[in-house]
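The sequence and structure are shown next.

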Amino acid sequence: MAIVKSKKGKQSKKYMKWSRWYMVVMLALWLLAACKPRIPSQVIQPDDMEDVLYDYYLASGMQFLPDEEGDRYNREYYHRLALKKHGFTQADFDTSMVWYYNHLEDLFRIYERVQHRLSDDALAQGTSIRELQQYTTYSHLSDTADVWEGKRNLLLYPQSPFHIYQFRQRADSSYHAGDSFLFAYGSTFLVQSGSRNAQVYLSFTYDNDTIITRNYAVPASGKGVVRVPEEDHALKELRGYIIMNRRDQQMENDVCMLFLDNIHLLRIRKKNH
């Protein structure tokens, strides 16, 4: 009696053979990708770049004498010390930032870890809203609350759509007539060439439809503060944005980034005597 092989059985064996070859090829490609270093050796590696940027931030946050030229010199000096501490030159740092500038996902991951470390440091040192009251004229006579609802930390660079951060928040019943406001943040530019150019725009709308606007340049390095005096009406809504001016094509590939951290919006209310 003759045995007849089914056409279905042949197709099944052929499919299994093709599947095995497909899996072998995919595994080989995966191993090849895994073995190939994704970040070039001449670029500061992520863990080291995290440490460098962390110390860079600490240097940028140091307070110096109120002399613009001396202040700039001191910051650059401490930035160079931060690089020297980790065994890198300014050329190493500039080359690496150009690479990360074109691989922003890697930079954002590093930046998030730096921000976590800075936040942990602030908590360990007991940073609180009371320390922010140093900005207010009536700190010892007022109730102060941080009412900011947006991001605490930002990374902007001058190519659309990453050159702008927009925000909007509505007031609730905790906002009263007579409140004043203070918008505070820290800023650090990393610029290979060109100017450090960014603005903060705020628009406060009150319950009688009065609108107060503020437009300030972001400082090249340090702390930015925008004050809005008390009004006879309660705040209804806050809108605003932080924007970096876009660059011409000749400078598009040059590193230019703005780090903003510790963003706060303080609502200040005088205590009743």
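In which order do the four strands of the open sheet stand?

The model is predicted. Its open sheet has four strands in the order S3-S8-S5-S6, and their pairing is antiparallel. Strand S3 (164–170) and strand S6 (211–217) are the edge strands; each has a single partner strand, so one side of each lacks a neighbour in the sheet. From one strand to the next, the twist averages 10°. In general, the strands of a sheet pair through backbone hydrogen bonds, in either a parallel or an antiparallel sense.

## Pairing along the sheet

How many bridges link S3 to strand S8? S3 and S8 (residues 235–244) share seven bridges in the antiparallel sense. On this pairing, Arg168 stands opposite Arg239 in S8.

S8 is also joined to S5, by nine bridges, and these two strands run antiparallel. Phe204 stands opposite Leu238 in S8. At the other end of the sheet order, strand S5 (residues 198–206) pairs with S6 over seven bridges, again in the antiparallel sense. Leu202 has Arg214 in S6 as its bridge partner.

## Positive phi angles

Most residues other than glycine have a negative phi. Asp209 is not a glycine, yet its phi is positive, at about 70°. Asp209 lies in the loop between S5 and S6. Is Asp209 buried or exposed? With a relative accessible area of 54%, Asp209 is exposed, because the cut-off for that class is over 50%.

Asn262 is also a residue other than glycine with a positive phi, here near 50°. Asn262 belongs to strand S9 (residues 256–270). The relative accessibility of Asn262 is 47%, so Asn262 counts as partly exposed.

## Helix H4

Which residues of H4 are buried? The buried residues in H4 are Phe93, Ser96, Met97, Trp99, Tyr100 and Tyr101.

## The chain as a whole

The protein chain contains six helices and nine strands. Of its 273 residues, 36% are buried. The chain exposes about 17300 Å², and carbon and sulfur atoms supply 53% of that area. When contacts between residues at least 6 apart in sequence are taken, 78% of them join residues at least 24 apart.

## Confidence

The mean pLDDT of the protein chain is 77, and 68% of its residues reach 70 or more. Over residues 32–36 the pLDDT is below 50, and this stretch has zero contacts in the model beyond near neighbours in sequence.

Residues 63–67 also have a pLDDT under 50. How many contacts beyond four places in sequence does the model have for residues 63–67? For that stretch there are seven.

How values were computed: Residues are numbered from 1 along each chain as its sequence is written. This is a predicted model: local features need pLDDT of at least 70, side-chain atom pairs count only at pLDDT 80 or more; totals for chains, interfaces and linings use all residues. Side-chain values use heavy atoms; hydrogens and water are left out. Buried means under 20% relative accessible area, exposed over 50%, partly exposed in between (1.4 Å probe, protein chains only). Contact means heavy atoms within 4.5 Å. Accessible areas come from the Shrake-Rupley method with a 1.4 Å probe; for residues, only the protein chains shown count as cover. Two strands pair if DSSP finds at least two bridges between them. Axes are lines fitted to C-alpha atoms, for helices over the stretch in contact, and angles run from 0 to 180 degrees between N-to-C directions. pLDDT is the predictor's confidence in each residue, from 0 to 100.
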